[in-house]
2 protein chains.
Amino acid sequence: MSRPRCDLVVENAAQVLTMERPGLVGPRRGDDLREVGAIENGAVAVHGEEIVWVGPAAELATAVEVDANAVRIDAGGGTVTPGFVDSHTHLIFGGSRHDEFERRLSGQTYLEIAAAGGGIRSSVRHTREASEDELARLGRERLDLLLRHGTTTVECKSGYGLATEHELKQLRALARASDGHPVETVSTFLGAHEFPPEFAENREGYVSLLVEEMIPAVAEAGLAEYADCFCEEGVYTPEQARRVLLAADAAGMRPRLHADEFSPSGAAELAAEIGALSADHLSAISDEGIRALASSDTIGTLLPGTTFSCRIPGADARRLIDAGVAIALATDLNPGSCAIDSMGVIVGLACLHLGLLPSEAFTAATINSAHAIERADRVGSIAPGKQADLLILALPDYRCVPYRFGTNHVRSVVKRGRIVVAPNGRLEAARA
Amino acid sequence: MSRPRCDLVVENAAQVLTMERPGLVGPRRGDDLREVGAIENGAVAVHGEEIVWVGPAAELATAVEVDANAVRIDAGGGTVTPGFVDSHTHLIFGGSRHDEFERRLSGQTYLEIAAAGGGIRSSVRHTREASEDELARLGRERLDLLLRHGTTTVECKSGYGLATEHELKQLRALARASDGHPVETVSTFLGAHEFPPEFAENREGYVSLLVEEMIPAVAEAGLAEYADCFCEEGVYTPEQARRVLLAADAAGMRPRLHADEFSPSGAAELAAEIGALSADHLSAISDEGIRALASSDTIGTLLPGTTFSCRIPGADARRLIDAGVAIALATDLNPGSCAIDSMGVIVGLACLHLGLLPSEAFTAATINSAHAIERADRVGSIAPGKQADLLILALPDYRCVPYRFGTNHVRSVVKRGRIVVAPNGRLEAARA
């Protein structure tokens, strides 16, 4: 049997976290969340965009034929992990809400903040006012930041336009921000993020606009792979969410759902019922919701940055895991409730705010998050045949990511077999 | 009147956070903690190691004579703040306790961890085993990390030697790590951090060793400016702490105190009584303790990284402030209870974990922290005559530090008038 050739090798890794174990397929649940497939003193071999081999460094020479001019990356005794997969963000928006952050800390309520022009409507106003150019530029800056923190694949939602023209603008801005950028983006239409002010007294009218005009327009333009809806008391009812998401599904955009963030509205149950890819937030999920998710293929995506930033209790992660829900982690990056861009910080918060083990947090932030956006065949783990999306962390063990909380330990990033963040911190990305 | 000359200018700052207001002197208390002295569209002028002017950019040309070959730093519309002052760390130690971090998350108790060889004794073992060279090298790497996160002055304690020879080794390693490094260090003797295993059955014997041998040896070698003691139920009693700290004071090392971290033992009262510079932790302080601190010059140093990392409630910061305690913030960087090295993260945790306002957190992390180590005449604020320790943050407003939590927003660092972290992330430090 001929040995595979390779043109890039990562060597001298104290640990390679493959996220693979023989027999483990599909989203990980229960104790399988702890199976990180660590290889001590490991190496990874890549050819083109693809991983061809991973194993103990001592076996590299016999297992792989290394090209004479292969790129050799010295991990310096660090840890190699798959690139983080951030499966829930609101990447494209105008404005900043740091004022509101301070007002929340000083005890103002959501209603007081909204009355002062704050809240999501402030982001809608700023996003509507921004040009597509400006939104694309801001998006690109944010993708650079995500990349420096080790995110190599990210889901991005619209939802600050809340009008056909502005939702399309947001989605086009995302496409332009992403074009030629090393971070892979996945696009989700979230026209049902809120009700726009002009439909405050006619919510059903806006739902009809979503179903009859916006979804067809987004589908026609091919701008979104998924559709999402903020199903929550005071926002979209489960009935409204069902109508929107079924219409989106029929138009080719598979559903995902903002579910049970502040109160249990039956959103998790709806997600399971309609076969949503993921039900996200879940900080107020009911027992019925947990049972529904556990017996479905819908992934429960936890967003600990959001509850932590809002100073409220996080999702009951242990109960979800024990019940058999497959969980993922994401930043929820957005201008209001969570402006965190680092998945390493999210892994730390998953441990310190939600009580996950480091192994569970890494599984949720890589392979399970990849499942949540239907990319697990290509990203989220280190295995032959998968895309070479790799992080080199300046740490001897993956558990140091949450232990040494709050510092960006990413030394270098490889995306599709190419070095895109160099050890000197430079972004090496070829720009479109 | 002749205008001051300057050889370095920081320009194009959306905001300069001076931490100064006319009439404010001494450690800030109560509402004064909110006075950050922000100048919009500001500039800072430096000559040699010293700030000569700060004000609105429009006034720079008339206020200052800029040398023809002056260094001009473009803040790029960012925010300029004083360098962070981290007034409580355990910088010098051997070993890593990420294993223990995981065991804590999985529910093991302190006693179970200690029985498995973990806890502070594990750090004592590794620190005793490490050579002075190795400890100095590790310390220097940690100073580099602190600097990248904007800390320009840091207090560092011994306390993992717990034997004369090893305490002296730790303090010498600190002096060597610090030598020629841009981060200014302040050295504290913490031989009374715990009782070493060899004195487990003879605690008074160890206290006598501290008083009769270690304190004189440290004072003789001139290796520490301050002395500290871990006064806590099960560790040092207030009586033991008093004996140790009064002996240290008499030997020229002013006292500071680990006080009321897990239970109220009267430590805060002791700190006030003996005129300690600071009483640190305070997560379990009593009403009497608060009253004692409020009516003293002792600063209350809060360490939110520690309670957050240990998943326990933080200090009641609002109550301390309302009672009139002058508060400071620090990382507590150590291998056990808090391995956080970023003061920006501590500012974020001060807001999100303790409920401080961003303004209060910045005051506590700069000027008040400088007071806690008797350096407020030179560092902790931006004013003519003070040392030019400046951060350029890639943020339009200081409140974005906690709002955009967990990301290192430090673009560039100036220490004593010299660029020591360049915008490309390079450490420009001249090495000894």
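Predicted model: local features only at pLDDT ≥ 70, side-chain atom pairs only at ≥ 80, totals over all residues.
A:Phe93 sits in the loop between β6 (84-86) and α2 of chain A, and A:Tyr160 in the loop between β7 (151-157) and α6 (164-178) of chain A, so the pair ties together parts that are 67 residues apart in sequence.

Next, pick A:Phe308 and B:Phe405. Their ring centres lie 5.6 Å apart with the planes at 50 degrees, so this pair is tilted. The pair crosses between chains: A:Phe308 belongs to helix α11 of chain A, and B:Phe405 to the loop between α16 (400-403) and β16 (410-415) of chain B. A:Phe308 is buried at 5% relative accessible area. B:Phe405 is buried too, at 1%.

Stay at the interface and select both sides. Chain A contributes 40 residues to the contact and chain B 39 residues. Together the chains bury about 3,500 Å², with 62% of it on carbon and sulfur atoms.

Now look for charges. Six salt bridges span the interface of chain A and chain B. One of them joins A:Asp99 to B:Arg399, with the closest N and O atoms 2.7 Å apart. Colour the chain A side by element: α2 (98-105), α11 (304-309), α13 (343-352) and α16 (400-403) each give two or more residues to the side that touches chain B. α2(A) gives the most, with five residues. By class, that side of chain A has 20 nonpolar, 12 polar and eight charged residues.

Last stop: select A:Phe195, A:Phe199, A:Tyr206 and A:Tyr236. Ring pairs link these four residues into a cluster.

Methods:
Residues numbered from 1 in each chain as written. Chains lettered and ligands numbered in written order. Heavy atoms only, no water. Contact = heavy atoms within 4.5 Å. Buried area = accessible area lost by both parts, 1.4 Å probe. Salt bridge = Lys/Arg side-chain N within 4 Å of Asp/Glu carboxyl O. Helix = DSSP H or I, 4+ residues; strand = E, 2+ residues; numbered from the N terminus. Nonpolar A, V, L, I, M, F, W, Y, C, P; charged D, E, K, R; others polar. Phe/Tyr/Trp six-rings, centres within 6.5 Å; stacked < 30°, edge-to-face > 60°. Buried < 20%, exposed > 50% of the residue type's maximum accessible area, 1.4 Å probe, protein only.
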